[in-house]
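Trainee: I would like to learn how to read helix packing and a few local features in a model. Can we take them one at a time?

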Amino acid sequence: MSDLVFKTALELARMLRDGEVTSVELTRAVLDRIAEVDPQVHAFLFVDEEGALATAREVDEARAAGEELHPLAGVPIALKDNVVTRGVPTTAASKMLEGWIPPYDATITQKIKAAKLPIVGKTNMDEFAMGSSTEHSAFGPTHNPWDLERIPGGSGGGSAAAVGAFMVPLAIGSDTGGSIRQPAAVTGTVGVKPTYGAVSRQGIIALASSLDQAGPVARTVADAAALQDLIAGFDYQDAVSLDEEWPSMEEAAKATASAGDKPLAGMKVGVVKQLTGDAYEDGVTASFEETLEYLKERGAEIVELDLPTLDIALDAYYVIMPAEASSNLAKYDGVRFGLREEPKEGAVTSNRLIAASRGAGFGSEVKRRIILGTRMLSKGFFDKYFVQSMRVRTLLKNEVEAAFEEVDVIVSPTSPTTAFKFGEKLDDPKLMYLSDVATTPANLVGMPAMSVPSGLSHGLPVGFQVMAPVRGDAVMYRVAAVVEAKEDVVNKNPNFGAGAAGVSGEEA
């Protein structure tokens with residue numbers, strides 16, 4: 001097996017620029033790795049070998065001709081299967097969109113193609129991004145590369161598993177309530193939800209429009225930063241896109257390397273009491289506390305915070321998100337868009353056609369959330385639940401803004417637990433939803449948040465979450481880079497880490 005697959009995206013970018021490897025060689029190595037590993041992990045729903053190699057050849061020809069290229073040109077990448085990609089199946093892991101070939105690209109896809117990163121395929125996910133375990137894909141679950149009997153998180157478990165299993169150095173995910181960060185936490189990868197509006201949502205198949213945000217998945221903070229620099233920026237096609245200049249996240253991530261022994265001197269790090277406690281596994285809590293001590297050694301001042309609205313933030317999220325989802329998914333009716341399934345008996349009326357199509361096209365979790373959301377928007381429930389949840393959202397924003405007057409960043413464990421085994425929480429949706437308790441606040445507020453590996457608990461990765469003020473992504477990357485320096489987690493994977501025995505039994 002080629003050692004190329006174990007190198008970081010920025011290492012590979014340098015090697016490409018220095019002529020140590022060609023993009024075709026690198027892309028071929030990645031595709032071979034996918035062919036070897038993915039039958040066990042099932043991170044990909046579609047692999048575009050022909051398209052990826054065509055882009056790689058284009059990069060090599062352009063570089064040989066002396067053309068100026070993007071720094072990441074030639075580095076392979078994967079896209080979550082809700083990122084619309086022209087000419088390539090894009091299904092959101094749903095039977096409703098099975099076989100759909102989009103006639104256009106999402107803005108993110110356009111930027112990646114313009115920078116000439118070979119797109120090797122589309123990654124698995126919970127159907128329409130509804131889930132916390134990638135068990136709700138219509139095409140089968142993805143497995144955690146640390147333990148194939150455990151979940152890789154959700155909804156973006158495919159992207160996290162593909163990066164964590166060294167099948168690809170970079171991936172794109174989407175985060176509505178933690179769907180980039182929670183998978184990153186349980187797979188030992190880095191996952192970033194940028195400030196809401198920093199990265200265009202145009203062409204991202206919508207779940208909840210006021211919460212959705214696309215972002216990077218990588219193995220290092222610097223790699224994630226470089227990818228965010230590529231995909232961020234104003235887009236007139238997205239009504240909430242922020243029209244402003246962003247500093248270099250890559251420079252922010254690398255700044256601590258030259259900042260001496262106390263790179264966080266003068267920085268205040270907030271710890272919220274509502275995001276700690278008995279709900280978190282002992283190993284998760286221990287890793288979190290060890291990381292806090294490490295940040296203190298690196299110059300940070302730890303400040304305790306009390307944000308009482310966080311006690312009901314998850315409840316508010318699970319009212320707002322299904323309500324928006326029920327509206328966004330209304331177009332999948334078998335008439336205008338998506339799978340068309342005619343009723344098996346009786347006359348084909350519009351209502352019966354819609355019922356048959358949605359019944360066949362949607363899985364159980366999607367149906368559950370559509371029904372819940374529709375109820376929350378109905379007469380008698382709208383004021384009682386939806387309006388009250390929006391008020392909770394406003395209160396939370398106010399509390400968080402006040403907290404950021406005292407501290408530079410807020411930190412917490414990313415997930416209350418390490419990766420759980422398949423089926424453990426499928427019969428109890430409420431227990432599954434609690435996986436998002438620490439991640440949903442960032443989406444409700446719109447602030448940037450990142451999960452960074454901080455250690456292991458019983459041999460499984462633990463994630464450390466860094467949240468920053470709205471537009472404070474660069475500060476988030478600076479702190480996350482310090483956390484990352486505490487311990488190398490990803491290469492300790494007993495099955496897929498560099499130097500470890502792979503699933504085929506061959507030495508990596």
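Trainee: Which residues in helix 10 meet which residues in helix 13?

Mentor: Some ground rules first. This is a predicted model, in which local features need pLDDT of at least 70 and side-chain atom pairs count only at pLDDT 80 or more, while totals for chains, interfaces and linings use all residues. Residues are numbered from 1 along each chain as its sequence is written, and side-chain values use heavy atoms, with hydrogens and water left out. Helices (H or I, at least four residues) and strands (E, at least two) are DSSP runs numbered from the N terminus. Contact means heavy atoms within 4.5 Å. On the helix 10 side are Leu310, Ile312, Ala313, Ala316, Val319, Ile320, Ala323 and Glu324, which meet Tyr385, Phe386, Ser389, Met390, Val392, Arg393 and Leu396 in helix 13. By class, this contact has twelve nonpolar, one polar and two charged residues. Here Ala, Val, Leu, Ile, Met, Phe, Trp, Tyr, Cys and Pro count as nonpolar, Asp, Glu, Lys and Arg as charged, and the others, Gly among them, as polar.

Trainee: At what angle do helix 10 and helix 13 pack?

Mentor: Two packed helices are described by the angle between their axes and the distance between the axes. The axes are lines fitted to C-alpha atoms, for helices over the stretch in contact, and angles run from 0 to 180 degrees between N-to-C directions. Helix 10 and helix 13 (residues 382-403) pack at about 130 degrees, with axes 9 Å apart. The two are therefore oblique to each other; angles under 35 degrees count as roughly parallel, over 145 as roughly antiparallel, 65 to 115 as roughly perpendicular and the rest as oblique. Their crossing is left-handed, meaning that the near helix is turned anticlockwise from the far one by less than a right angle, with clockwise giving right-handed.

Trainee: How does helix 10 pack with helix 12?

Mentor: Helix 10 (residues 310-328) and helix 12 (residues 364-376) have axes 7 Å apart and an angle of about 100 degrees, which makes helix 10 roughly perpendicular to helix 12. Tyr318, Val319, Met321, Pro322, Ala323 and Ser326 of helix 10 meet Arg369, Ile370, Leu372, Gly373, Thr374 and Met376 of helix 12. Eight of these contact residues are nonpolar, three polar and one charged.

Trainee: What are the angle and axis distance for helix 2 and helix 3?

Mentor: Helix 2 (residues 23-41) and helix 3 (residues 49-64) pack at about 160 degrees, with axes 8 Å apart. That makes helix 2 roughly antiparallel to helix 3. The crossing is right-handed. Contact residues include Val24 and Leu31 of helix 2 and Leu53 and Val59 of helix 3. By class, the contact of helix 2 with helix 3 has six nonpolar, two polar and four charged residues.

Trainee: Now the backbone. Which residues does a cis peptide bond join?

Mentor: Gly154 and Ser155, with omega about 5 degrees. Ser155 sits in the loop between strand 3 (119-123) and helix 5 (157-164).

Trainee: Which residue has a positive phi although it is not a glycine?

Mentor: Lys116, at about 65 degrees. Lys116 is in the loop between helix 4 (107-114) and strand 3.
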